[in-house]
Amino acid sequence: MRLTASLLALLLPVGMVAQQQKPLGENLQSWFDKAKSYLPNAATAPIASTAAKAAATNVVPLTKDNWQSVLTPSTTDPFEGPETWMVFFTGGNKTCYGRCAGVEKAWNESAALLAADPSSPKLAYANCDKQAVLCSAWTAAAATIWYIQLPIAQPDQSTPATTIRIIALNTTTTTASDIVKIHTEKTYEKRPVYDSALHPFDGWVAQYGLLLPLGYVLYGFAYIPSWTFMIVISMGSRYIMSKRTGGRQAGSAQGSAPLGGAPPANERA
């Protein structure tokens, strides 16, 4: 025992010297990793909860009733340039098949990070399970971010086009850093500008005030069972075939009827 203690006392300074010879960065990383290994997994729950609270504070929920008033430039100064919005579309079991939980967590964390950036865009979100008409009208799918640049009216009262770029998010690999880079590194520029008749601001459907009515129609079609269309098609085809068959039978009956006129000579009285 005394020999062991003496040996430990002799080796301890050697170990300390060897430890001191390591770079400080490696020591800090090693100590951090050891401390992290002692933390329970439940310790990450408060972080996620804090991110969710920050997102609830900084992110505006969109509905079919408020989206036009929310997505409006907050200034009339044309020299301030377009007002930028990042709109996150998510969903539940119906529209995202239960796979949006991870990307929602990343969105909440990114909202907390973007809140610290004075140049960050305004943030909004919509849950397509709860706002099905809005998502149908926009033709927006779950797990996408719409990067919108709202123009400001010019002194001559003309308004430039609203620029929209749609970024699809991977529901399994997207991180908060990926979402933040959409703005900070302008990765949205890799996506083409959205140009469609269903453009929610500049498309002709929106210009004629038909966007929400179309949303209701598309929403209704989406919830009609597919077998209903098959029954309607089957009944329609049977009706058409029956009309054609009936017309042919009537023509055949008229063709076989005797012609009018005098009877043959041998049948005369």
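Ala-197 touches Gly-203, Trp-204 and Val-205, leaving aside residues up to four places away in sequence; contact here means heavy atoms within 4.5 Å. The model is predicted, so local features need pLDDT of at least 70 and side-chain atom pairs count only at pLDDT 80 or more, while totals for chains, interfaces and linings use all residues. Residues are numbered from 1 along each chain as its sequence is written, and side-chain values use heavy atoms, with hydrogens and water left out.

Ala-197 lies in the loop between H7 and helix H8 (204–207). Helices (H or I, at least four residues) and strands (E, at least two) are DSSP runs, numbered from the N terminus. With a relative accessibility of 30%, Ala-197 counts as partly exposed; buried means under 20% relative accessible area, exposed over 50%, and partly exposed in between (1.4 Å probe, protein chains only). Gln-207 is ten residues from Ala-197 along the chain, and the C-alpha atoms of the two are separated by 9.6 Å.

**Overall content**

The protein chain has ten helices and five strands. Of its 269 residues, 28% are buried. Among contacts in the protein chain with a separation of 6 or more, 72% are between residues 24 or more positions apart.

S4 covers residues 144–150, and seven of its seven residues are buried. Thr-144, Trp-146, Ile-148 and Leu-150 point one way from the strand, and Ile-145, Tyr-147 and Gln-149 point the other way. Two strands pair if DSSP finds at least two bridges between them. S4 is joined to strand S2 (residues 83–90) by seven bridges, and the two run antiparallel. Within this pairing, Val-87 stands opposite Trp-146 of S4. Strand S5 (residues 163–168) is also antiparallel to S4, with six bridges between them. Ile-164 in S5 is the bridge partner of Ile-148.

**Disulfides**

A disulfide is a pair of cysteine sulfur atoms within 2.5 Å, and by this rule the count is two. The table gives the separation and handedness of each.

| Disulfide | S to S distance | Handedness |
|---|---|---|
| Cys-96 and Cys-100 | 1.9 Å | right-handed |
| Cys-128 and Cys-135 | 2.1 Å | left-handed |

The torsion about the S-S bond is 75° for the link of Cys-96 and Cys-100. For Cys-128 and Cys-135 the torsion is about -85°, so that disulfide is left-handed. Cys-96 and Cys-100 are both buried. Cys-128 has a relative accessible area of 4% and is therefore buried, and Cys-135, at 5% relative accessibility, counts as buried. When the bonded cysteines of the protein chain are numbered in sequence order, the pairing reads 1-2, 3-4.

**Packing of H5 and H7**

Two packed helices are described by the angle between their axes and the distance between the axes. Helix H5 (residues 101–115) packs against helix H7 (residues 176–184) at an angle of about 50°, and their axes are 8 Å apart. Axes are lines fitted to C-alpha atoms, for helices over the stretch in contact, and angles run from 0 to 180 degrees between N-to-C directions. H5 and H7 are therefore oblique to each other; angles under 35 degrees count as roughly parallel, over 145 as roughly antiparallel, 65 to 115 as roughly perpendicular and the rest as oblique. The crossing of H5 and H7 is right-handed, a crossing being right-handed if the near helix is turned clockwise from the far one by less than a right angle, and left-handed if anticlockwise. On the H5 side, Ala-106, Trp-107, Glu-109, Ser-110, Leu-113 and Leu-114 meet Ala-176, Ile-179, Val-180 and His-183 of H7.
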